[in-house]
Amino acid sequence: MPPLERDRIALPDAPPLDAPADLAERLSALGVTLDETATLRLRRYLALLLAMNERMNLTAITSPEEAWTRHALDALTLVPLIPPPRDGLSLADVGSGGGVPGIPVALARPDLRVTLVEATQKKAAFLQDVAGALGLTNVTVLAQRAEALVRPPHRAAYDVVTARAVGRLVVLVPWTLPFLKRGGAALLIKGQRADEELAEAQREILRMGAKHERTVPTPTGRIVVLRG
């Protein structure tokens with residue numbers, strides 16, 4: 001991995017973000033369970049994300065309520081679609097930005113080896129520091145463009161690949177599918193125009209030897225599932 005900037009980012013001293021009163025019910029509706037430790041880490045992550053966003057451009061979302069809905073809960077919609085725990089299960093989050101969906105998923109699934117792919121050095125440094133502060137030993141950060149990584153040892157190396165807010169599917173498909181092992185799944189968070197993007201990307205999906213398995217509606221959008 002290219003070295004991160006030497007002037008490492010000092011994380012702000014931010015108290016954990018208060019959780020919504022109905023968090024347990026909203027997680028249950030998604031089919032997700034978080035223990036007390038994971039919930040506290042998620043609260044700390046959201047607090048650090050919002051606090052650091054005042055110094056650097058990590059997210060357009062600035063309110064705590066939206067951070068829970070559009071970052072944490074949106075990311076956790078992926079969890080029921082990830083295979084059950086097994087040795088060596090791995091996930092690559094392409095264009096991780098401020099860490100969504102990769103970090104919430106890593107918190108919810110400590111068995112999963114999560115690689116965050118983020119080309120912007122300062123964002124990658126933030127991700128590495130946050131992973132360390134949260135004690136996420138299952139997270140690795142790669143400060144490189146996805147297109148440059150789709151060769152050994154990362155090509156065809158992951159069981160799952162995720163992406164959110166990176167680009168339209170026709171652009172995203174060649175950036176994500178090469179990371180997948182044969183039979184692996186790309187879980188791509190999209191909005192209400194998912195069908196339009198799928199139609200546009202169909203030829204590229206077929207060219208990559210993949211297929212559209214299904215599209216899963218969620219409270220915050222839609223998840224396009226492609227099978228490699």
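Visitor: Why does R222 count as buried?
Guide: R222 has a relative accessibility of 18%. The label works like this: buried is under 20% relative accessible area, exposed is over 50%, and partly exposed is in between, using a 1.4 Å probe and protein chains only. With 18%, R222 therefore makes the buried cut-off.

Visitor: Before we go on, what am I looking at?
Guide: It's a predicted model, so local features need pLDDT of at least 70 and side-chain atom pairs count only at pLDDT 80 or more, while totals for chains, interfaces and linings use all residues. Residues are numbered from 1 along each chain as its sequence is written, and side-chain values use heavy atoms, leaving out hydrogens and water.

Visitor: Which strand holds R222?
Guide: R222 sits in β7. Strands here are DSSP runs of E with at least two residues, helices are runs of H or I with at least four, and both are numbered from the N terminus.

Visitor: What makes β7 largely enclosed?
Guide: Six of its seven residues are buried, so the rest of the structure largely encloses β7.

Visitor: What is R222 in contact with?
Guide: Contact means heavy atoms within 4.5 Å. Setting aside neighbours within four places in sequence, the partners of R222 include L188, K190, Q192, D195 and T215.

Visitor: What joins the side chains of R222 and D195?
Guide: A polar contact of 3.4 Å. The rule asks for a pair of N or O atoms within 3.5 Å; within protein, one must be able to donate a hydrogen and the other to accept it, and residues adjacent in sequence count only if both atoms are side-chain atoms. The 3.4 Å therefore falls within the 3.5 Å limit.

Visitor: How do you know that β6 and β7 pair?
Guide: Two strands pair if DSSP finds at least two bridges between them. β6 (residues 211-218) and β7 (residues 221-227) are joined by seven, and they run antiparallel. A hairpin of two residues connects them. Along the way, T215 has V224 as its bridge partner, and R214 stands opposite V225.

Visitor: How many bridges join β5 to β7?
Guide: Six, again antiparallel, with β5 covering residues 180-190. One of the pairs is A186 with L226.

Visitor: Over to helix α1. What puts its buried residues on the same side?
Guide: The buried ones in α1 (residues 23-30) are L23, L27 and L30. They cover an arc of only 55 degrees around the axis, so they share one side of α1. That arc is taken from the directions from the helix axis to the C-beta atoms. As a rule, an α-helix has 3.6 residues a turn, so residues three or four places apart point the same way.

Visitor: What makes A156 and A165 worth a look?
Guide: Most residues other than glycine have a negative phi, and most peptide bonds are trans. A156 has a positive phi near 55 degrees, and A165 also has a positive phi near 55 degrees. A156 lies in the loop between α6 and β4 and, at 44%, counts as partly exposed. A165 lies in the loop between β4 and α7 and is exposed at 75%.

Visitor: What makes something a pocket?
Guide: On a 1 Å grid over the protein atoms alone, a pocket is an open set of points with protein on both sides within 12 Å along at least five of seven lines, and lining residues have an atom within 4 Å of a point. The largest pocket holds about 750 Å³, a volume being the space filled by probe spheres set on the points, which are joined across faces, edges and corners. Of its 35 lining residues, the closest to the centre are G95, V100, R164, A165 and V166. α3 gives the most to the lining, with three residues.

Conventions:
1 Å grid on protein atoms, 1.4 Å probe; cavity = no way out; pocket = protein on both sides within 12 Å on 5 of 7 lines; lining within 4 Å.
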